[in-house]
Amino acid sequence: MRRLGPGLLLALIAGFAFLYLPIVALIAYSFNASRLVTVWGGFSTRWYHALLDNQPLLDAAWLSIRLALVSATLATCLGTLAALALARYGRFRGRTLFSAMVVAPLVMPEVITGLSLLLLFVAADVERGFWTVTIAHATLGLGFACIVVQARLVGFERSLEEAAQDLGATPLVTFATVTLPLIWPSVAAAWMLAFTLSLDDLVIASFTSGPGATTLPMRLYSAVRLGVSPEINAACTIMIAAVAVAVIASSLLLKRQRLAAG
Amino acid sequence: MSEPNRARPAPDAPRRVSPGSVRRAFQPWNEPQARPIVEFRQVVKRFGAVTAVDHVSLALYPREFFALLGASGCGKTTLMRMLAGFETPDAGEILLDGVDITAVPAHLRPVNMMFQSYALFPHLSVADNIAYGLKREGLPRPEIARRVEEMLALVKLEGLGRRKPDQLSGGQRQRVALARSLAKRPKLLLLDEPMAALDRKLREATQFELMDLQSELGTTFMVVTHDQDEAMTMADRMAVMERGRLLQIAPPDLIYEAPANRYVAEFVGDINVFEARIRAVEGELVSADAPLIGAIAFDEEAVRLAAGESVAIGLRPEKIMLSHEEPPQPVNKVRGEIWDIGYLGDMTMVQVMIGGDAGRLLKVSLTNSTRRIARPFAWEDEVWLSWDVEAGLVLPP
């Protein structure tokens with residue numbers, strides 16, 4: 001391995017500091033005993049205790065988790081099916097269009113996705129709430145899930161599926177007994193990615209949710225507008241921890257799969 | 001089981017009853033009453049502008065060991081995959097036991113295939129791999145366990161049932177693939193380049209084991225290979241395929257000694273080919289003149305020839321004799337100079353230039369029947385090549 005020279009090392013530290021210093025500050029101040037956000041008053045976990053009494057915030061967190069669970073599952077199922085269609089059925093009619101449309105939500109500005117969904121829900125006269133946000137998040141997660149699973153299917157040895165069919169397995173049984181057991185780490189990684197996307201999202205949720213459905217990011221954002229309190233710092237720290245766990249788990253799964261694939 | 005002329009041993013017969021002699025008597029393709037197990041009728045398969053299989057008709061007989069030989073890209077794998085059900089023919093039909101299976105999906109065909117890559121399921125143990133097809137049949141558990149043990153014993157892998165495929169050697173993986181494809185006792189087993197991933201020693205041993213296994217089980221085998229030694233060693237009959245067409249279907253000795261055309265002659269084994277003009281035809285003895293060589297004579301009963309006609313003559317290297325003195329025969333001899341000697345251990349391949357420096361090279365092979373290191377022939381030796389009237393063969397284009 002090459003050793004970094006002092007210049008490069010400095011650049012690396014500066015880069016990481018730029019990226020992570022705000023987060024570190026946020027985490028540190030969440031343990032601040034003082035009510036003033038910018039004055040250090042000693043170590044304390046009082047804001048975490050205070051969180052437990054903040055019922056609106058807890059409700060929002062619970063809603064966000066349920067929403068992320070459902071939308072991630074929906075996105076993973078649809079994304080896996082889309083990936084199978086793209087990887088398996090060769091050059092079918094309209095493949096390029098299909099491929100582009102599946103991944104479009106990835107590059108589309110979230111404001112546009114959110115606005116267009118809002119217009120759709122209004123036009124269709126759907127009452128906005130839990131399910132509209134779920135559908136919106138599933139749309140966003142689907143493209144990511146599709147890309148993750150498709151990457152695995154590209155390297156998938158096709159003759160394994162043929163061997164299963166040769167031995168008498170119907171296409172559905174082949175998928176359940178051969179394909180899925182071999183690609184499940186990708187599918188799980190896709191699910192976690194979709195889960196964190198849903199948990200994080202503020203923009204699309206703001207457009208598509210209704211009066212009774214305020215997600216955690218929405219609640220935090222509105223709270224911050226009234227002034228940053230250490231309680232918010234504590235809530236954010238918990239969220240960062242949850243997202244970090246999911247991201248690390250999904251990258252470990254993908255790495256394990258790469259090792260298994262040899 | 002009522003075919004009268006069954007020459008192969010029954011599956012329960014003791015092994016090693018001189019399989020060679022049994023093989024010789026096994027020629028169902030010459031028996032008018034024999035019913036084929038597989039029939040291709042005018043089968044065509046196109047991929048875009050390429051015709052991979054071009055009006056192929058072929059019949060395989062029960063208990064036959066059939067080899068499909070061809071260069072890569074000749075369509076042999078496509079032909080096999082159509083039989084397994086992974087490709088659909090564009091025209092023609094495929095019959096199995098007299099029933100048209102052209103439209104039957106792969107998982108409903110009583111045909112099993114051993115894949116070139118083996119395609120072992122990496123997430124399942126060896127035993128579960130072998131049991132996979134039996135589970136799909138819905139056999140009861142004890143029966144599955146018994147059959148798995150039987151298959152492991154058959155391929156001599158007892159005790160390895162709990163291993164995963166990545167804990168096996170290449171040769172062991174090949175055996176698991178074979179056991180898995182035989183577990184359902186198919187009528188017909190397809191083998192796609194079964195030895196391609198094995199090293200040479202293991203390949204030879206496996207070839208003979210596969211032949212024993214096949215005559216023991218009585219299953220019909222169809223092997224696709226680009227390795228002519230493999231095809232000739234194992235097959236009762238073989239077909240040579242080129243650009244989607246079957247050029248010749250015959251037992252290996254006929255393919256080698258009486259090739260249907262020049263492509264077959266040059267693809268299977270080594271051969272010297274030269275043009276000659278027919279001078280006279282007396283019964284079966286044909287005399288002709290060849291440039292650089294002179295007067296030649298050969299026996300020909302199959303092809304009708306007329307004086308003045310120009311034909312391609314093939315001469316296998318092992319049928320040419322090499323000597324320092326001029327042989328007494330009046331024809332079928334030519335002088336040359338040794339240009340190259342390739343020592344292969346069991347034999348030596350000699351390249352002889354005839355007709356001077358700008359002439360052409362002929363290949364001659366010599367069997368090294370003694371251990372003498374000093375060879376009778378050396379580089380730049382002036383030598384005579386000669387051959388028998390039965391050696392030369394006419395090659396249709």
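Start by selecting chain B: among its contacts with a separation of 6 or more, 64% are between residues 24 or more positions apart. Keep in mind on this tour that you are looking at a predicted model.

**Stop 1: chain B as a whole.** Keep chain B selected and switch to a cartoon view. You can look for nine helices and 20 strands here. How many of the residues of chain B count as buried? Of its 397 residues, 37% do.

**Stop 2: the two domains of chain B.** Select 19–110 together with 186–265 for domain 1, then 270–395 for domain 2. Their C-alpha centres lie 34 Å apart. Now look at where these two domains touch: domain 1 of chain B brings five residues to the contact, and domain 2 of chain B brings six. On the domain 1 side, you will find three nonpolar residues, one polar and one charged.

**Stop 3: where chain A meets chain B.** Show both chains now. Here 16 residues of chain A are in contact with 16 residues of chain B. Finally, colour the chain A side by residue class: nine of its residues are nonpolar, four are polar and three are charged.

Methods:
Residues numbered from 1 in each chain as written. Chains lettered and ligands numbered in written order. Predicted model: local features only at pLDDT ≥ 70, side-chain atom pairs only at ≥ 80, totals over all residues. Helix = DSSP H or I, 4+ residues; strand = E, 2+ residues; numbered from the N terminus. Buried ≥ 20, exposed ≤ 12 C-beta atoms within 10 Å, placed from the backbone. Contact = placed C-beta atoms within 7 Å. Nonpolar A, V, L, I, M, F, W, Y, C, P; charged D, E, K, R; others polar. Domains from an automatic or database assignment.
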